[in-house]
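Subject: Structure handover

Hi,

Please load it first, then read the notes below.

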Amino acid sequence: MSIETDATIADFGGKLLKLKHSAKSTNCEMKFNLFIPGSASSSKPAPVLFYLAGLTCTGDNGAEKGFFQNKASEKGIAVVFPDTSPRGLKIEGEDDSYDFGSGAGFYVDATKEPYSNGYKMYSYITDELPKAIFSQFKELDSSRVSITGHSMGGHGALTLFLKNPGKYKSVSAFAPITNPSKCPWGEKAFSGYFGENDKQRWSEHDATELLPKYPDNTDILIDVGTGDNFYKQGQLLPENFEKAAKDAGKNVKVNYREGYDHSYFFISTFAGDHVEHAAKYLLK
């Protein structure tokens with residue numbers, strides 16, 4: 001089924017589209033946002049930056065509060081804001097907590113029932129959604145794609161990049177869950193989506209374990225706020241990712257932003273830096 005448009009909003013000289021389509025990988029209707037800069041056309045297609053949001057979010061949060069479009073418009077880059085999980089699959093318990101089930105797909109393909117029936121956000125983000133977008137919007141360039149994300153979405157951005165060498169031109173992340181196998185959020189999600197004993201599958205979706213296996217060098221930008229309560233609680237573990245990078249000889253830059261928290265005030269402050277980071281590679 002083709003993508004349907006619910007709204008078109010003028011935005012920084014371009015347009016923000018509120019979109020929806022029927023997705024096979026998630027067995028439901030998926031909504032998302034797409035910003036297309038005014039400079040984009042079928043004869044001059046724009047490169048694309050995917051922004052993956054965090055726990056409890058939808059495709060609206062980054063589009064409406066992340067402040068990516070200003071710098072993206074300046075650089076001539078489109079931005080895709082997907083949802084974070086399937087919606088309304090009527091799986092018992094999927095709406096019971098903020099950090100598992102609805103709004104918390106963790107960008108993996110679940111293998112444990114009943115979540116294996118629809119919770120396929122890895123396939124949705126890496127395959128089904130881009131195919132749908134690029135087939136319908138000829139003003140977008142499928143050969144130039146980068147990825148970024150926040151928190152759970154930062155985990156998604158890092159792991160999708162590291163698991164698919166060459167698919168994305170660059171990656172960056174805001175306060176990412178970098179070592180989910182070792183933190184409460186990740187342990188809960190991976191137990192529910194993969195099973196407690198399938199630790200091999202856990203490691204296949206853990207950026208800290210994936211980084212040393214990545215075949216090329218990296219240029220990964222990460223921002224973390226020192227006032228972030230989830231950082232203080234040990235949910236993010238950027239130090240583990242930094243150590244893995246140092247041991248493997250990979251280039252990772254983690255900026256510890258004094259006083260900033262986990263919110264969209266933090267994201268919007270540094271969104272321009274992350275668009276600039278993507279632009280270095282998308283506009284080559």
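In what order do the three strands of the open sheet run? The order is 7-8-9, and the pairing is parallel. Strand 7 (172-174) and strand 9 (251-257) are the edge strands. Each of them pairs on one side only. On average, neighbouring strands of this sheet are turned by 10° against each other, direction ignored. Please keep in mind that this is a predicted model.

Now the pairing in detail. Strand 8 covers residues 219-225 and pairs with strand 7 over three bridges, in the parallel sense.

Helix 10 (residues 264-282) lies across strand 7, strand 8 and strand 9. Its direction is about 175° to strand 8.

Next, I77. This residue sits in the loop between helix 2 (69-75) and strand 5 (78-81). Is I77 buried or exposed? I77 is buried, because its relative accessible area is 0%, and the cut-off for buried is under 20%.

What does I77 touch, leaving aside its neighbours within four places in sequence? The contacts are F35, P37, P47, V48, L49, A72, V275, A279 and L282. For a distance check, take I77 and K169. They are 92 residues apart in sequence. In space they are 13 Å apart, C-alpha to C-alpha.

Best wishes

Definitions and conventions
Residues numbered from 1 in each chain as written. Predicted model: local features only at pLDDT ≥ 70, side-chain atom pairs only at ≥ 80, totals over all residues. Heavy atoms only, no water. Pairing = 2+ DSSP bridges. Helix = DSSP H or I, 4+ residues; strand = E, 2+ residues; numbered from the N terminus. Axes fitted to C-alpha atoms, helices over the stretch in contact; angles between N-to-C directions. Contact = heavy atoms within 4.5 Å. Buried < 20%, exposed > 50% of the residue type's maximum accessible area, 1.4 Å probe, protein only.
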